[in-house]
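Biologist: I am new to reading structures. Could you walk me through this one?

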Amino acid sequence: MKKELLFYNQIEFESIRTLFQSLEYEVISLSYFLEDLKDLDKFTPYKSGICVIDVSILGGGYYNTSAIQAIGENVFRLFNNEDIIYICDNKYFDQLKYELRYCFEQFVDIKEKYDIFFEQLPPPIIATDKIHKKITDFTPEEFETFFKSFRESLYGHEKFKDDFYEIAKSFRLFNKIGEHKVLSLFLLGESGVGKTEVARALYKCLGGKDNLAKVNFGNYSNEFSLSSLIGSARGYIGSDDGEIFIRVRNTDVGLILIDEFEKSNATLFNFFLDVLESGKMVSSQAVEIDINGFVIIFTSNITKEEFPTRISPELRSRFDYKGHFTRLFNQDKRKYVEYRIKSIIRKYNEHYNESLGDNDVHHFVTTIPVDKYENMRDINKKIKIEFVKYIENQKPIQHRRSILSSIFKIDTITDLRNGK
């Protein structure tokens, strides 16, 4: 059993790290070792070396009780060096004093141990020069205009649009009085039925010009993937912000899309429980991003029957809306074809000073057999193929290749059919 776990105030961390580094102690986060527990070579230099290990990553509800105890009992035993010092953010004192009770004999304030004053530095903040456009910022008139545009941009799913309109109105009201921080939507259904299209339509109608903040959780199925999402903890050499912080900073709209959420794990479920409650995302370096007024869309390919067993009951109750998306009717598919073709023709005309118009749009709407396609991605691929054929039949080969390369990043229709 290790002797002591020392607790510090987060605003003193930089001073503490400077002190230990001056004594030639390397300060490193426990998350460095948790990224791959099978890589035992990571532990070798620290079994005999002098270092300080920050275990704060275990706090904050990211890991459940059994996971913390398992980590403590199985990971700490790999360090057999009495010179290793263990530290932790004191906001996790009550939680970790209990859950690591079999790992440490004492839990004390670091100032008591060293009888030294640590300079209190202001906590770091994430600087951004962007203002996120949010539905909570609209006037009533602007909100109605926004929603009219959203209805026209999303094809089918009429019940969802009606439900979302009412939920968004309620959210705007209760957000302004501090009662509702984040609007959360959970959309489930098979692939290609338009779930992610909801986020794209919202982003466009909110006036987004940069990038939609999208995180695919197909990349976050590992038990210790939290550090990839929210960043490596303080003290880890090379630590950086996690993907979700980067995505939010790089977008100009108060909207986050979490795709394939069912591939997540309990650790990340707990992270989002806190986000939906507090309206803040806290990185492993204790840096906060205020997302008050944001909309978070969670999508999943699971069925309605799987939903209660794949998503924790605590998180299910937090979602403001849970909707099941089904395949579109043919009339909605035709409207999508018309919308998509108009968008492609507009870009084509702008780039090549051409004048394709309504008759050209009508050609595609009447020739693409939407009844043969259930998946919207397949329809979109068919639209591209037909547009390429249309251009090939009208333009000289040299001009044709230039157009294809610019719009679709291909040179021939064969390339498109082969998935290039």
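Modeller: Gladly! Helices (H or I, at least four residues) and strands (E, at least two) are DSSP runs, numbered from the N terminus. This protein has 19 helices and 12 strands. The model is predicted, so local features need pLDDT of at least 70 and side-chain atom pairs pLDDT 80 or more, while totals for chains, interfaces and linings use all residues. Residues are numbered from 1 along each chain as its sequence is written, and side-chain values use heavy atoms, leaving out hydrogens and water.

Biologist: How much of the protein counts as buried?

Modeller: Buried means under 20% relative accessible area, with a 1.4 Å probe and protein chains only. Here 51% of the 420 residues are buried.

Biologist: Where is lysine 134, and which residues does lysine 134 touch?

Modeller: Lysine 134 sits in the loop between helix 6 (110-114) and helix 7 (140-153). Contact means heavy atoms within 4.5 Å. Leaving aside residues up to four places away in sequence, lysine 134 touches Leu206, Gly254, Asn292, Gly293 and Phe294.

Biologist: What is the nearest side chain of opposite charge to lysine 134?

Modeller: A salt bridge needs a side-chain nitrogen of Lys or Arg within 4 Å of a carboxyl oxygen of Asp or Glu. Lysine 134 is buried without a salt bridge, and the nearest side chain of opposite charge, aspartate 137, is 4.7 Å away.

Notes:
Buried means under 20% relative accessible area, exposed over 50%, partly exposed in between (1.4 Å probe, protein chains only). Lys and Arg count as positive and Asp and Glu as negative; His and the chain ends are not counted.
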